[in-house]
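Work through the exercises below with the coordinates open. Each task is followed by a solution in steps.

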Amino acid sequence: MSIKNFDLLGLIVLIRKFFLDHLKKLTADTLGWLAAIVLHCATIPSLLALMTGLSDKTPSVDIIMFIYTGLILLFAKAIILRDQLNIITIGSGFIAQAAIMAFILFK
């Protein structure tokens, strides 16, 4: 491929078209995935402090119920849309939190 045949302007137009066509969907998917991770991480510090004995205060039940309800709804949405990344992420988060709660309960 010689320099004469290289069309830089055409390449820039193709790259710009790709980002304009796909950036909204990629951003929306990424934000949804990050929302699930942040919801899972909301209870981890207090559960780890409880498990290690640094604190004896459990998180309030209403906050935990709202977080879990949101996660269950996101999980149901992921199942309906067959979104494998969110199914795996939310499912493994449920498993990790269940394991931490089991360690606290059977300590």
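**Exercise 1. Aromatic rings**

Task: In this predicted model, find which residues are linked into a cluster by ring pairs, and classify the pair of phenylalanine 75 and phenylalanine 94.

Solution. 
Step 1. The cluster consists of Tyr68, Phe75 and Phe94, linked by ring pairs. The structure has three aromatic pairs.
Step 2. A ring pair is described by the distance between the centres and the angle between the planes.
Step 3. For phenylalanine 75 and phenylalanine 94, the ring centres are 6.0 Å apart and the planes stand at 80°, so this pair is edge-to-face. The cut-off applied here is an angle over 60 degrees.
Step 4. Phenylalanine 75 belongs to helix 3 (residues 61-81) and phenylalanine 94 to helix 4, so the pair ties together parts 19 residues apart in sequence.
Step 5. Phenylalanine 75 has a relative accessibility of 24% and therefore counts as partly exposed.

**Exercise 2. A pair of sequence neighbours**

Solution. 

**Exercise 3. Packing of two helices**

Task: Describe how helix 1 and helix 4 are oriented to each other, and list the residues that make the contact.

Solution. 
Step 1. Helix 1 covers residues 8-41 and helix 4 covers residues 84-105; the two pack at an angle of about 5°, and their axes are 10 Å apart.
Step 2. Angles under 35 degrees count as roughly parallel, and helix 1 and helix 4 are therefore roughly parallel to each other.
Step 3. On the helix 1 side the contact uses Gly32, Trp33, Ala36, Ile37 and His40. On the helix 4 side it uses Leu85, Asn86, Thr89, Ile90, Gly93, Phe94 and Gln97.
Step 4. Sorted by class, the contact of helix 1 with helix 4 contains six nonpolar residues, six polar residues and no charged ones.

**Exercise 4. Histidine 40**

Task: Is histidine 40 buried or exposed, and which residues beyond its neighbours within four places in sequence is histidine 40 in contact with?

Solution. 
Step 1. Histidine 40 is located in helix 1.
Step 2. Its relative accessible area is 7%, so histidine 40 is buried; the cut-off is under 20%.
Step 3. With neighbours within four places in sequence set aside, histidine 40 contacts Leu71, Thr89, Ile90, Gly93, Phe94 and Gln97.
Step 4. A polar atom of the histidine 40 side chain lies 3.3 Å from the backbone oxygen of isoleucine 90.

**Exercise 5. Distances from helix 1**

Task: How far apart are the C-alpha atoms of leucine 9 and aspartate 21, and those of threonine 27 and valine 61?

Solution. 
Step 1. Leucine 9 is part of helix 1, and its relative accessible area of 60% makes leucine 9 exposed.
Step 2. Leucine 9 and aspartate 21 are twelve residues apart along the chain, with 18 Å between their C-alpha atoms.
Step 3. Threonine 27 also lies in helix 1 and is partly exposed, at 37% relative accessible area.
Step 4. Threonine 27 and valine 61 are 34 residues apart along the chain, and their C-alpha atoms are separated by 32 Å.

Technical notes:
Residues are numbered from 1 along each chain as its sequence is written. This is a predicted model: local features need pLDDT of at least 70, side-chain atom pairs count only at pLDDT 80 or more; totals for chains, interfaces and linings use all residues. Side-chain values use heavy atoms; hydrogens and water are left out. Axes are lines fitted to C-alpha atoms, for helices over the stretch in contact, and angles run from 0 to 180 degrees between N-to-C directions. Helices (H or I, at least four residues) and strands (E, at least two) are DSSP runs, numbered from the N terminus. Angles under 35 degrees count as roughly parallel, over 145 as roughly antiparallel, 65 to 115 as roughly perpendicular and the rest as oblique. Contact means heavy atoms within 4.5 Å. Ala, Val, Leu, Ile, Met, Phe, Trp, Tyr, Cys and Pro count as nonpolar, Asp, Glu, Lys and Arg as charged, and the others, Gly among them, as polar. Buried means under 20% relative accessible area, exposed over 50%, partly exposed in between (1.4 Å probe, protein chains only). Rings of Phe, Tyr and Trp (its six-membered ring) pair if their centres lie within 6.5 Å; planes under 30 degrees apart count as stacked, over 60 as edge-to-face and the rest as tilted. A polar contact is a pair of N or O atoms within 3.5 Å; within protein, one must be able to donate a hydrogen and the other to accept it, and residues adjacent in sequence count only if both atoms are side-chain atoms.
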